[in-house]
Amino acid sequence: RRLPRRGIEEFWQGGVRDPKLTSAQKQDFAKSGDPWPAVLLRQKSFEDMHKLWYVLLKEKNFLLAEQHEARQQRIRWKHHGRLKKVKLSMKRILTVLTRREIHQQVLRAQEMLVQQTRREELETQRFQLEESMKVLNHKIRRAEPRDSIATAAWKATLQKYEADHQQLLRELVPLRRDTMQLLSADWRYAQKYSDLPGAINWKRQWVRALEDRQWKPVRLPA
């Protein structure tokens, strides 16, 4: 009965412990080039770097398996340079992706700043319209017993203000949704924006470097 292949054999295929290879083939496979430079990684898309990351991760696990077996057999392992190159390539991939994310966040912050400025302008216009509508409603209520030209003009102006107010509210809906996170209380100190484990009120006695009293080890007499 043939057992299903689960990929575990890839941890020794092509390596120094592969029984199907000769010594010359093992030496040829052990040769490696330089690690991936960041200049070339910046030219690749996210999908390409995602595939390259898993290729490097597979190579890293392959080398770590060889290193672990060499330690068990108590023999010298000669491929520390290959493992270092793989780790350096993975570190550079993370660096490139991190800088891309920072760049995207900067662009997003600029867009949010423009949206926030536009929102403040519309909110100011909305507030002024609401105040004018309150004044007109008050004038119309006071002049309700009698009808005059001024009352008709006030009602026409009020209808125009209400239409403008509805248009402003429609324009403010997407702006409020996009800039709502800027209005959250203490967003700079929230857990998702900080590496600190939750809300911490720093006190002098909680920080070892700020302690007034320095504890010194007690030496017992010989």
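Start by selecting His 165: its relative accessibility is 11%, so it counts as buried. Keep in mind as you click around that this is a predicted model.

Colour by helix and you'll find His 165 in α5, which covers residues 149-178. Now show what surrounds this side chain. Setting aside neighbours within four places in sequence, His 165 is in contact with Arg 126, Leu 129, Glu 130 and Met 133.

Next, go to Thr 179, in the segment after α5. Is Thr 179 buried or exposed? It's buried, with a relative accessible area of 0%. Display its polar partners. The Thr 179 side chain makes a polar contact with the side chain of Arg 119 at 2.9 Å, and a polar atom of the Thr 179 side chain lies 2.6 Å from the backbone oxygen of Leu 175. Leaving out residues up to four places away in sequence, Thr 179 touches Met 112, Gln 115, Gln 116 and Arg 119.

Last stop: the largest pocket, with about 180 Å³ of space. To see its lining, select Ser 32, Gly 33, Asp 34, Pro 35, Trp 36, Leu 56, Glu 59, Arg 82, Lys 85, Val 86 and Ser 89. Two elements give two or more residues each, α3 (46-73) and α4 (80-142). The largest share, four residues, comes from α4. Colour the lining by class and you get four nonpolar, three polar and four charged residues.

Conventions: Residues numbered from 1 in each chain as written. Predicted model: local features only at pLDDT ≥ 70, side-chain atom pairs only at ≥ 80, totals over all residues. Heavy atoms only, no water. Buried < 20%, exposed > 50% of the residue type's maximum accessible area, 1.4 Å probe, protein only. Contact = heavy atoms within 4.5 Å. 1 Å grid on protein atoms, 1.4 Å probe; cavity = no way out; pocket = protein on both sides within 12 Å on 5 of 7 lines; lining within 4 Å. Points joined across faces, edges and corners; volume = space filled by probe spheres on them. Nonpolar A, V, L, I, M, F, W, Y, C, P; charged D, E, K, R; others polar. Polar contact = N/O pair within 3.5 Å; in protein donor to acceptor, adjacent residues only side chain to side chain.
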